[in-house]
Amino acid sequence: MPHCALEGCAVQLTEPLLHCSACAGVSYCSRVCQLAHWKAGHRNECGTMRQAAATRSTGDAPGPEEMIARMQQLAEKRDWKALVGLRHAGLNLAGSLREGRPADAACIYSHLGAAFAGLGLFERAIEPLEEYRAIMQASGDKKSEGHAYGQLGA
């Protein structure tokens with residue numbers, strides 16, 4: 001069951017869903033949450049999500065390289081709100097990459113965990129960082145596994 005897109009709102013969504021009218025990429029439990037999410041940074045990512053949705057509808061979905069590059073840009077700018085705005089697309093992509101391209105999936109999880117931590121949402125940071133750690137542990141990459149533990153510890 002999907003949850004409201006507003007960080008901190010744990011409401012599980014039920015039909016009919018209230019979608020962002022511009023990108024339709026996120027859903028909310030109420031108009032109040034929709035407005036708060038817009039002000040919290042969705043406005044910065046909405047155009048990107050709308051463009052990505054249009055690209056997907058033409059059958060040319062953005063690849064992991066594009067997602068990782070965008071996440072890297074946002075992390076370098078420390079634009080945590082915009083980075084967290086990519087979480088739905090990022091988590092979906094990371095999940096699909098986990099078996100075939102685990103290093104790319106780990107990179108996405110790492111960026112999302114860092115973004116949540118950067119916003120002070122430490123409990124929300126744990127899940128993507130645990131995914132990052134698990135991938136690195138399974139790969140035997142001790143250096144990256146240590147990095148994941150460091151991010152979790154911070």
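Predicted model: local features only at pLDDT ≥ 70, side-chain atom pairs only at ≥ 80, totals over all residues.
Cys 33 has a cysteine partner to consider. The closest cysteine sulfur to that of Cys 33 belongs to Cys 29, at 3.6 Å. Cys 29 itself is partly exposed, with a relative accessibility of 34%. Are the two joined by a bond, or too far apart for one? A disulfide is a covalent bond between the sulfur atoms of two cysteines. To count here, the two sulfur atoms must lie within 2.5 Å. The sulfur of Cys 29 is 3.6 Å from that of Cys 33, and therefore too far for a bond. A search of the whole structure gives zero disulfides.

Now step back and look at the whole chain. It has seven helices and two strands. If you follow the sequence, the pattern reads β-β-α-α-α-α-α-α-α. The chain has 154 residues, and 38% of them count as buried. Among contacts between residues at least 6 apart in sequence, 43% join residues at least 24 apart.

How do the helices sit against one another? Two packed helices are described by the angle between their axes and the distance between the axes.

Helix 2 and helix 5 pack at an angle of about 30°, and their axes are 10 Å apart. Angles under 35 degrees count as roughly parallel, so helix 2 is roughly parallel to helix 5. The crossing of this pair is left-handed. On the side of helix 2, the contact is made by Pro 64, Met 67, Ile 68, Met 71, Gln 72 and Ala 75. Helix 5 contributes Asp 104, Cys 107, Ile 108, His 111 and Leu 112. Sorted by class, this contact of helix 2 with helix 5 has eight nonpolar, two polar and one charged residues.

One residue of that contact is worth a visit. Met 67 lies in helix 2 and is buried, with a relative accessible area of 12%. Which residues does Met 67 touch, leaving aside those up to four places away in sequence? They are Leu 86, Ala 89, Gly 90, Leu 93 and Ile 108. Take Gly 90 as an example: Met 67 and Gly 90 are 23 residues apart along the chain, while their C-alpha atoms are separated by 7.1 Å.

The next pair is helix 5 and helix 6. Their axes are 8 Å apart and the packing angle is about 160°. Angles over 145 degrees count as roughly antiparallel, so helix 5 is roughly antiparallel to helix 6. Their crossing is left-handed. Residues of helix 5 that take part include Ala 105, Tyr 109, Leu 112 and Phe 116, and among those they meet in helix 6 are Phe 122, Leu 129, Tyr 132 and Met 136. By class, the residues of the contact of helix 5 with helix 6 divide into 15 nonpolar, two polar and two charged.

The crossing of helix 6 and helix 7 is left-handed. Among the residues making the contact are Ile 126, Leu 129 and Arg 133 of helix 6, together with Glu 145, Ala 148 and Leu 152 of helix 7. The residues of this contact of helix 6 with helix 7 comprise seven nonpolar, four polar and three charged.

Finally, visit two arginines in loops. Arg 101 is in the loop between helix 4 (87–97) and helix 5 (102–118), and counts as partly exposed at 34% relative accessibility. Apart from residues up to four places away in sequence, Arg 101 touches Pro 64 and Glu 65. Arg 101 and Pro 64 are 37 residues apart in sequence, and 9.4 Å apart from C-alpha to C-alpha.

Arg 78 sits in the loop between helix 2 (64–76) and helix 3 (80–85). Is Arg 78 buried or exposed? Arg 78 is exposed, with a relative accessible area of 59%. Most residues other than glycine have a negative phi. The phi of Arg 78, however, is near 55°, a positive value.

Note on methods: Residues numbered from 1 in each chain as written. Heavy atoms only, no water. Buried < 20%, exposed > 50% of the residue type's maximum accessible area, 1.4 Å probe, protein only. Left-handed = near helix turned anticlockwise from the far one by under 90°. Helix = DSSP H or I, 4+ residues; strand = E, 2+ residues; numbered from the N terminus. Contact = heavy atoms within 4.5 Å. Nonpolar A, V, L, I, M, F, W, Y, C, P; charged D, E, K, R; others polar. Axes fitted to C-alpha atoms, helices over the stretch in contact; angles between N-to-C directions. Parallel < 35°, antiparallel > 145°, perpendicular 65-115°, else oblique.
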